[in-house]
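Trainee: Before I use the labels on this model, I would like to see each one set against its cut-off.

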Amino acid sequence: MGPQSTPDLSTEASPLSLSTVAVVGLGTMGTGIAEVLTRAGREVIGIDTDEAAARNAVTALEAATARAVQRERITERERQDILARFRTFTDLQAAADADLVIEVVPEDYELKRQVFAGLDAVVRPDTILATGTNALSVTRLAADSQRPERVLGVHFFNPAPAMKLVEVVSSVLTAPTAVAAVTELAHALGKDPIAVGDRAGFVADGLLFGYLNQAAAMYESKYATREDIDAAMRLGCGLPMGPLALLDLIGVDTARTVLEAMYADSQDRLHAPAPILGQLAEAGLTGRKAGRGFYTYDAPGGSTVVPDAESPADTDELAGGRTVSSVGVAGSGTMASGIAEVFAKAGFKVVLAARSPEKAEKAKARIAKSLGRSVDKGRLSAEARDTALAAITPAGSLDAFADVDLAVEAVAEDLAVKQELFKTLDKVCKPGAVLATTTSSLPVVACARATSRPEDVIGMHFFNPAPAMKLVEVVRTVLTADDVHATVRAVCAKVRKHPVDCGDRAGFIVNALLFPYLNNAIKMVEEHYATLDDIDAAMKLGGGYPMGPFELLDVVGLDVSLAIEKVLHAEFRDPGLAPAPLLEHLVAAGCLGRKTGRGFREYARR
């Protein structure tokens, strides 16, 4: 095709009308995209060389629209119109009249190049060609095409009918009007499009897959079990799925392909696929589709996890533990008050010790207000509130911990402060008392070594707000006694928290996986790859995260986040974990997030 036959898109005034769309590749994603398009009134040409795949796509659309009628979301007449707009073929020639072609064949560059070459030969000069890749180079595909200005990426998320995010990916060759047309179409489909440049993983997967890779490496190192890693991220961060379950859903082989592309692009060791991904993929254990990946499923394609050799045995949490009926909580801040409330509501006698009687009384008053709100919302009876409050004894000194069975410190995240406190606990607490630290980033063993009984010391990392958050990371040091570990797990069960076991290393499970992801989001902004708003939207809409990374950073506090990043970097010595300079600059400027009125965003002063 000569250059004369290609219109000059840079002079076109308005986006093109995209009323007829061809979808090449009718697997799960292609079928979902076809459903979205037909339900939005577009004529859809479905193309797949496998006739069975084409039939399955029609059957899936019939079933999805039948459910919509049953739920009274559409009428039977509308259903018939939708079905009439979807036609399937086995030859690319069927795309001849399409205004837009979306390619969603497997993530293999040569296969995609062949599809684009075939399309070049049959579509109109003004047809836009879009690749659904999330890992391969859009620019390379465009450069190999006869119409590079008409090639872009359009990355839907699975399941396409439900997920709102669409990443519209431009190469340096893409004409602005092609981007505008596809963006306008995405809006018409009821999606939330974000415009991004061409780099492996784009925004959502670029952040998501690094996190998934670190989770796989954490499991491979036997630092924590698959169940504990997944539970930690669901309960500690509010994610819809744990990372290893998500890898099984995505496909271990697919994840490895995406990470290979990301590593080739970034040379960041955090993107180098964890060896276990390659081992599972080579063994054919690719996740749900194979019936086995990190977990074992009831059947290939099944979603029900069944027990296997790695499944945890049902054990009595109380076996071998020490008796705990009274608990001392040291501290007067939000965390200490929340933890004291948790223990008091569960029926423990609680001593709440602060640096002065006044501070302790103030902390108890905070608990009273919290319990009062629970009564107002119908979550707690007035009698239960009064019982819990009566169980709490405020004290102005740690001397009041003389008879407690479990002492929990929740003071400032400063190692010297905590070590001094543990020296005092060592003197004050009776023999056999369990001593616990709530640190989120400091070495538990350093607190243990400040005592003469390091075997009695353990980490109990509650999450904020403690009354609401279900997770507790139970952190054993190399010195922690078995019965101390058993005691704390039993206590967690009694206060209705979910314990996960982990070793004494920086970040434990949650922060070790969460903060590199947050750091990478900051780097995206530093590199001007995407805006704060687009990144937050991408992770909420594309990843199902309850908050975007910059919303979360501002809530956590940029100073707290920087301190955790520094601890992770110091422990693991990986250049990719070095705190992003932008984070350091904001902290130096006193922009610490919501608590100061300005962080990555500005907030109204209260």
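Trainee: Why does Tyr517 count as buried?

Mentor: Buried means under 20% relative accessible area, exposed over 50%, and partly exposed in between, with a 1.4 Å probe and protein chains only. Tyr517 is at 4% relative accessibility, so Tyr517 counts as buried. Tyr545, with a relative accessible area of 10%, is buried as well. Keep in mind that this is a predicted model, where local features need pLDDT of at least 70, side-chain atom pairs count only at pLDDT 80 or more, and totals for chains, interfaces and linings use all residues. Residues are numbered from 1 along each chain as its sequence is written, and side-chain values use heavy atoms, without hydrogens and water.

Trainee: How many aromatic pairs does the structure hold, and what makes Phe343 and Phe348 a pair?

Mentor: There are five aromatic pairs. Rings of Phe, Tyr and Trp (its six-membered ring) pair if their centres lie within 6.5 Å; planes under 30 degrees apart are stacked, over 60 edge-to-face, and the rest tilted. The centres of Phe343 and Phe348 are 5.6 Å apart and their planes stand at 85°, so this pair is edge-to-face. Both Phe343 and Phe348 are buried. Ring pairs also join Phe343, Phe348 and Phe462 into a cluster.

Trainee: Why is the pair of Tyr517 and Tyr545 called tilted?

Mentor: Their ring centres are 5.3 Å apart and the planes are at 40°, so the pair is tilted. Tyr517 lies in helix H18, and Tyr545 in the loop between helix H19 (532-543) and helix H20 (549-556), so the pair ties together parts that are 28 residues apart in sequence. Helices (H or I, at least four residues) and strands (E, at least two) are DSSP runs, numbered from the N terminus.

Trainee: Which other residue has its charge over the face of a tyrosine?

Mentor: Arg140 lies over the face of Tyr109, at 3.7 Å from the ring centre. Arg199 lies over the face of Tyr529, at 4.2 Å from the ring centre. The term requires NZ of Lys or CZ of Arg within 6 Å of the ring centre and within 35 degrees of the ring normal.

Trainee: What makes a space a cavity, and which residues line the largest one?

Mentor: On a 1 Å grid over the protein atoms alone, a cavity is a set of points where a 1.4 Å probe fits but cannot get out, and lining residues have an atom within 4 Å of a point. The count is two cavities of 30 Å³ or more. The largest has a volume of about 50 Å³, and its lining includes Leu207, Tyr211, Leu513 and Tyr517. Helix H7 (204-220) and helix H18 (510-526) each supply at least two residues of this lining.

Trainee: Which residues line the second largest cavity?

Mentor: Among them are Leu100, Val154, Val182 and Leu185. H6 gives the largest share, three residues.

Conventions: 1 Å grid on protein atoms, 1.4 Å probe; cavity = no way out; pocket = protein on both sides within 12 Å on 5 of 7 lines; lining within 4 Å. Points joined across faces, edges and corners; volume = space filled by probe spheres on them.
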